[in-house]
Amino acid sequence: MGMFLTKLMGLFCNQEHKVIIVGLDNAGKTTILYQFLMNEVVHTSPTIGSNVEEIVVKNTHFLMWDIGGQDMLRSTWSTYYTNTEDLRKAAVLVFANKQDMKNSMSAAEISKFLTLTSIKDHPWHIQACCALTGEGLGQGLEWMTMKTAAK
């Protein structure tokens, strides 16, 4: 019985979820990725292509794809999720990064600007954060973990 429970828990607790990190260039995507991975700021340069890392939180594995945000790369974003049936079940997490900057929009202002309340077919959340200090990132990841555990 013990081996059965171990295998059963393995099916439900050690899930891997794919995360695609997209956003405008210089938005802090790579800084956020490496804050999750190493809990520290890594000096980065513009991402050409992608960075891929695995993050594990409470037995949940997140395979995170950080995709470059320059204008010339945005047309390639769809190749990362083309023919992905799982997008029907995708949750949307928006990090309102750079909250440490003087004139940054608040999470509420960004939500209104992006009309996030119009998203009815996917769970979504907007999280204020600062990638440089890590503030708010944990709360966003916790939301992702809760959403993936509910599936």
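**Fold and a few residues**

Tutor: The chain has five helices and five strands; helices (H or I, at least four residues) and strands (E, at least two) are DSSP runs, numbered from the N terminus. This is a predicted model, where local features need pLDDT of at least 70 and side-chain atom pairs count only at pLDDT 80 or more, while totals for chains, interfaces and linings use all residues. Residues are numbered from 1 along each chain as its sequence is written, and side-chain values use heavy atoms, with hydrogens and water left out.

Student: In what order do the elements run from the N terminus on?

Tutor: The order is α-β-α-β-β-α-β-α-β-α.

Student: What's the strand order in the open sheet of three strands?

Tutor: That sheet goes β1-β3-β2, with mixed pairing; two strands pair if DSSP finds at least two bridges between them. β1 (16–21) and β2 (50–57) are the edge strands, each pairing on one side only.

Student: And in which sense do β2 and β3 pair?

Tutor: Antiparallel, over eight bridges, with β3 covering residues 60–67. Asn 51 stands opposite Asp 66 in β3.

Student: Which strands does helix α2 touch?

Tutor: Helix α2 (residues 29–38) packs on the sheet and touches β1, β2 and β3, contact meaning heavy atoms within 4.5 Å. Its direction makes about 35° with that of β2; axes are lines fitted to C-alpha atoms, for helices over the stretch in contact, and angles run from 0 to 180 degrees between N-to-C directions.

Student: Switching to backbone angles: what's phi at Lys 98?

Tutor: Near 65°, which is positive in a residue other than glycine. Most residues other than glycine have a negative phi. Lys 98 sits in the loop between β4 (92–96) and α4 (107–113).

Student: What about phi of Thr 115?

Tutor: Thr 115 has a positive phi too, near 50°, and lies in the loop between α4 and β5 (124–128).

Student: Why does Lys 98 count as partly exposed?

Tutor: Because its relative accessibility is 25%; buried means under 20% relative accessible area, exposed over 50%, partly exposed in between (1.4 Å probe, protein chains only). Thr 115 is partly exposed as well, at 45%.

Student: Is Ser 111 buried or exposed?

Tutor: Ser 111 is buried, with a relative accessible area of 12%. It is part of helix α4. Leaving aside neighbours within four places in sequence, Ser 111 is in contact with Leu 116, Trp 124 and Ile 126.

Student: How much of the whole chain counts as buried?

Tutor: 32% of the 151 residues.
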